[in-house]
Amino acid sequence: MSKLVIVESPAKAKNIKGYLGKGYDVVASMGHVRDLPAARLSVDVENNFEPKYAVIKGKENFVKDLKKKAEAAEYVYLATDPDREGEAISWHLAYLLGLDLKDKNRVTFNEITKSGVQRGMAQPRELDIDLVNAQQARRILDRLIGYKLSPFVSQKIRRGLSAGRVQSVALRLVVDRENEIRAFVPEEYWSIDAKFTNPPERKTFGAVLVSDPEGNKLKLGEKNIQNKEQSDKILSELEGAEYVVKSVKKGTRKKNPTPPFITSTLQQEASRRLSFQARRTMKAAQELYEGVDVQGMGTVGLITYMRTDSLRISEEARSAGNQYILDTYGEKYLPAKPRYFKTRGNAQDGHEAIRPSMPTVTPDRVKGSLTSDQYKIYKLIWERFIASLMESCHQETMKIEIEANGYIFNATGYTVKFDGFTALYEEKTDDASKADAEAPLPKVATGDVLRLKSILGNQHFTQPPARYTEASLTKALEENGVGRPSTYVTITSTILSKEYVVREGKQFVPTELGEAVTNLLKDKLPNIVNVKYTSKMEDDLDKIDSGEKDYIDMIRLYYDDFEEPLEKAKKEMQGVKIKLKEEETDVVCDKCGRNMVVKVGRFGKFLACPGYPECKNTKPLVFKTSAKCPECGGDVIEKKTKRGTSFYGCSNYPNCNFMTWDLPSDEVCPKCGKSLFRKKGNVLYCPDTEGCGFTKPVPRKK
């Protein structure tokens, strides 16, 4: 008889089986096997919010086979992911397989390496019911709020909308930021910028005016010099002035490395450095955790569990990382005292930070065995972790004060005395203005007379706050205590898929629909979109983990808080429908001549005549590209598969059957004049492969 080990993913099952060897049968549950059925509320509100779980549709045969394996096994180990969600999946499996909840059959793997798996198998424990209840409380609250609130929002605005405990707060942040931007009034201010040399040195350095002869401070970004007239007046008073070094101040400063990654910071840095969306980042990280086949090493998990908000690292990993630094960079790159990063107060400390499972395995060592995305994410995680253990960067700072006719200019710069961790890695920033752009300054002494190379008044305008990107929205949610590492990707995906926000470049811009949903909830159910209220709810849900709060009491408290205003809103808005501005198109109704508008029905968007009910004409909505069909010359239009994937075809279908998955371009073939299409590998090609065959690479944007 073999021992049965149940994990979540097939990739992990295969790798763990390799480590455990004979005597073990490792199978994958493919995520959840039991959940609240989607067709109904599935929560008995009158009976202590009892959940009505059922086997997920399509998994009945799998559960049947799993029961047979469990009955035939010597022992069953529940080895799902090491978090709340994984604990709940194990609990559901235990229920379905009739396992004793008091058995020590729960094992977790922080890393899928031979030592990590052996360590996990050597420490079986009972299921953590507090963790299970914490997940149940979230699941039940999300179901109650989502299933009762979404129909209300859909009824009042339009069919098929959704609202939820966390997604609605995320949407509100985006909408509020857009309102701040709209309300922002730019204000003019000026700076006086000069460039100097200190003969006989030729090096030019810059300085900025910081105070006037009366001692008034002139800080950049503030409206001290408000217009060109004031700027010109200062420039006239400085005409012919002598620029003398008033003082030279030298100092030192220490720049410390950033901590190893947690889920949110990994997503943010991958967005800044690699332009990866969160889903792409987490896909690559999941693959690295579950295990990849590395040449010369076999199949191995290269990183620790990637859904975490803890900054803790094991002493074993610290020791391995320190040894790598010692061997590669030398003793001076190791700090005298080990550096420990403090995890924020409401974080779950069940896992380590995201780190390489084997710190001595460099990105170059595994590059040939990884996909491009896997390599980039592994390199990011590895470098961040090793850098976090390294000595600080030591800089020598210099500040020069320059006086001219009572006006004071400042020049600041630094030189690196010791590069420390920056020899390997430095964190990027979202704010370009925060980037350290100070340059080293030339040697000067008090009393030196400088040569003025140029002096200009420069006009500036105060800037509105930046729109959220996926990375900065995740950061805002994390800082406000809304959502958890496992939910960030789902939150942003939902508000995008529901068309509450759209991407413009990397930025999130709320749609009219998104604003209407937020305004309705702010007006009628303010707690649902209140950041502090939702953060407190998260904190209370976290207290279930440690057994500080009863999960039924917790659900009842927040459900009562939610149900009363919802019922009140339903009564107040009986018969009221919020009308959105309809998007007018240039398609003319062939029955009455009006310009048709875009409407949304149960099967998606379509064109309708605005003259309804007098004119009931409708048409399918098609998106015309700039390309022409290579077979008949008709318009090439974008179409969608049932799963929502785009493809392109001729508008003259069914008379013309041209179809392609490749993206139409607005360029034409220089040889035959037909529209060019773009295929994978960034290559433009002519679809007339027999008669023409023209291709050309697309230059990459710098």
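## A tour by selection

Select Glu111 and Arg355: their side chains form a salt bridge, 3.1 Å from N to O. Glu111 sits in the loop between H3 and helix H4 (114-121) and Arg355 in the loop between H10 and H11, so the pair ties together parts 244 residues apart in sequence. A salt bridge here means a side-chain nitrogen of Lys or Arg within 4 Å of a carboxyl oxygen of Asp or Glu. Side chains of opposite charge can pair when their charged atoms come close.

Before moving on, note that this is a predicted model: local features need pLDDT of at least 70, side-chain atom pairs count only at pLDDT 80 or more, and totals for chains, interfaces and linings use all residues. Residues are numbered from 1 along each chain as its sequence is written, and side-chain values use heavy atoms, with hydrogens and water left out.

**Stay on Arg355.** Its loop runs between helix H10 (315-328) and helix H11 (363-366). Helices (H or I, at least four residues) and strands (E, at least two) are DSSP runs, numbered from the N terminus. Is Arg355 buried or exposed? Arg355 is buried, with a relative accessible area of 3%. Glu111 is buried too, at 5%. Buried means under 20% relative accessible area, exposed over 50%, and partly exposed in between (1.4 Å probe, protein chains only). Now show what surrounds Arg355. Leaving aside neighbours within four places in sequence, its contacts include Glu111, Leu302, Ile303, Thr304, Ile381 and Phe385. Contact means heavy atoms within 4.5 Å.

**Next, Asp545 and Arg84.** This salt bridge has an N to O distance of 3.0 Å. Asp545 is in helix H16 (residues 531-545) and Arg84 in helix H3 (residues 84-97), so select both helices: the pair links distant parts of the chain, 461 residues apart. Both Asp545 and Arg84 are buried.

**Then Glu499 and Arg158.** The closest N and O atoms of this salt bridge are 3.8 Å apart. Glu499 lies in the loop between helix H14 (488-497) and strand E16 (501-504), and Arg158 in the loop between helix H5 (129-156) and helix H6 (167-183); 341 residues separate them. Glu499 is partly exposed at 33% relative accessibility. Arg158 is partly exposed as well, at 21%. Now select a network: salt bridges that share partners join Arg84, Arg138, Asp142, Arg165, Arg484, Glu538, Asp542 and Asp545. The count for the model comes to 45 salt bridges.

**Turn to the surface.** Which lysines gather in a patch of positive charge? Select Lys217, Lys219, Lys246, Lys249 and Lys399. Patches are made of residues with over 30% relative accessible area and no salt bridge; like charges are joined within 9 Å, nonpolar side chains (Val, Leu, Ile, Met, Phe, Trp, Tyr) within 5 Å. Lys217 is in the loop between strand E9 (205-211) and helix H7 (228-237). Lys217 is exposed, at 59% relative accessibility.

**Go to Lys22.** Lys22 lies in the loop between helix H1 (10-20) and strand E2 (24-28). Its relative accessible area is 84%, so Lys22 counts as exposed.

**Check the backbone.** Where are the cis peptide bonds to look at? One runs from Pro199 to Pro200, with omega near 10°. Pro200 is in the loop between strand E8 (188-197) and E9. Another joins Tyr653 and Pro654, with omega about 10°. Pro654 is in the loop between strand E24 (646-650) and strand E25 (659-660).

Two residues with positive phi follow. Met30, in the loop between E2 and strand E3 (34-35), has phi near 60°. Met30 is exposed, at 52% relative accessibility. Phe49, in the loop between strand E4 (43-44) and strand E5 (50-51), has phi of about 55°. Phe49 is buried, at 3%.

**Zoom out.** The chain has 17 helices and 29 strands. Its C-alpha trace spans about 90 × 75 × 70 Å along the principal axes. Of its 702 residues, 46% count as buried.

Notes
Areas by Shrake-Rupley, 256 points an atom, 1.4 Å probe, with all protein chains shown as cover. Lys, Arg positive; Asp, Glu negative; His and termini not counted. Charge placed at Lys NZ, Arg CZ, Asp CG, Glu CD.
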